[in-house]
Amino acid sequence: MSLADRRGDGALAAVLPGWVTARLLVAGALALSRFLVDELHPALAGAAARAHQGLLAWDGSWYARIAEHGYAPLPDEGIRFFPLVPLLTRGLADITPFDERAALVIVANASALALGLLLYRLVRLETADAALARRAVWLMALAPPAYVFVMGYTEATATALAVAMFLALRTRRWGWAALFGALAGLARPVGVLLVVPAAIEAARNWRIARPRQRWPRVVAVVAPAAGAGVYLGWVQLRFGDWLLPVRIQQRHNLRGSFANPLTTLDHAARGLLDGSEVGTGLHVPWAILLALGVILAFRYWPVSYGAFAAVMLVAGVSSSNLDSLERYALSAFPFVLVAAGLLRREWLERSVFVLSGAAMVGYAVLVFLSAAVP
């Protein structure tokens, strides 16, 4: 590893081109969506509204409203959104000329840039392979569901915190790992799943660690659950039901109730084959690819990476509604590392980047037209 890379001087040069490219592609997708709405008037429910909401469409509108007004004035559905990103958004709006809507987009996109920088550093730490690190950050920027990193969503912030926690865990900086884990638990419900890789890393050399060296590890392990617990504790005090965010998320028009993953995938596959639920069935090939990704993550990366990918995939498919599977999987960054490791030939790397960027534009257009759920 060069001195420049150890200092992090090479990270920005590796990350910035992909970050800028992704934003140009999503901006083009949004412009195309608005053109289609204004000129062709597609008969899709909510298409015009979401196309003109742009980067604040879908969940982005909820985060913006929470940042502006808090939870109290909103319908109870707003409780399912965890508070970290709205708090960051409100804080930025309070100290800058930007309103909460603009601040939310800034928080998301700044988080995406931080994610790329952290991911680059993590790959260099694990492999000392600059080419692999560069491919990983490009793939993270151009993955088909990565349009959400440009929108007012929490994925970029939550994933950056997950990568930051892995960096701290792998360098045995337990205090920082606890901080990043707690913030991840405040960012999204699945942030609590970071308990699994944290426990694996904490168990390394546990027997030879002194008692005073064990406590920081324990704190790092429980921190993601503690972060989520802070919000759920507030919900208990405010609404009298600490599981209310989970209950709301289980409604049939949202994520749906918990279900046997095999049953869910079988139902979706049958819907694809008989044509009754093509949209849902199209998630099945992704689920198969992600399952293969879990195997490869265990094969080529430390156990904690594979375990994190596995629990994130299980969380994604253990629902009766698979609509957001790809977005949930993107938060499990080991999948991106596995894919980057397979693209060692230059022609293959370039081909995948082009196809992935094109797919991201396609997904974004469908989302802005309300033809797909992000």
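Val-195, Ala-198, Ala-199, Glu-201 and Ala-202 of helix H10 are in contact (heavy atoms within 4.5 Å) with Arg-217, Ala-220, Val-221, Pro-224 and Ala-225 of helix H11. Sorted by class, this contact of H10 with H11 holds eight nonpolar, no polar and two charged residues, where Ala, Val, Leu, Ile, Met, Phe, Trp, Tyr, Cys and Pro count as nonpolar, Asp, Glu, Lys and Arg as charged, and the others, Gly among them, as polar.

The model is predicted, with local features needing pLDDT of at least 70 and side-chain atom pairs counting only at pLDDT 80 or more, while totals for chains, interfaces and linings use all residues. Residues are numbered from 1 along each chain as its sequence is written, and side-chain values use heavy atoms, with hydrogens and water left out.

H10 (residues 195-203) packs against H11 at an angle of about 175°, and their axes are 8 Å apart; axes are lines fitted to C-alpha atoms, for helices over the stretch in contact, and angles run from 0 to 180 degrees between N-to-C directions. H10 and H11 are therefore roughly antiparallel, a term for angles over 145 degrees. Helices are DSSP runs (H or I, at least four residues), numbered from the N terminus.

## The largest pocket

The largest pocket has a volume of about 1,100 Å³. On a 1 Å grid over the protein atoms alone, a pocket is an open set of points where a 1.4 Å probe fits, with protein on both sides within 12 Å along at least five of seven lines, and lining residues have an atom within 4 Å of a point; grid points are joined across faces, edges and corners, and a volume is the space filled by probe spheres set on the points.

Of the 48 residues lining the largest pocket, Arg-80, Pro-189, Gln-249, Arg-255 and Tyr-328 are the closest to its centre. H4 supplies the largest share of this lining, five residues, and the lining as a whole divides into 26 nonpolar, twelve polar and ten charged residues.

## The second largest pocket

The second largest pocket holds about 680 Å³ of space, and among its 24 lining residues Pro-144, Trp-286, Leu-289, Phe-335 and Ala-339 lie nearest its centre. The elements giving two or more residues to this lining are H15 (283-300), H17, H18 (334-341) and H19 (346-368), and H15 gives the most, with six residues. By class, the lining of the second largest pocket has 21 nonpolar, two polar and one charged.

Notes. Parallel < 35°, antiparallel > 145°, perpendicular 65-115°, else oblique.
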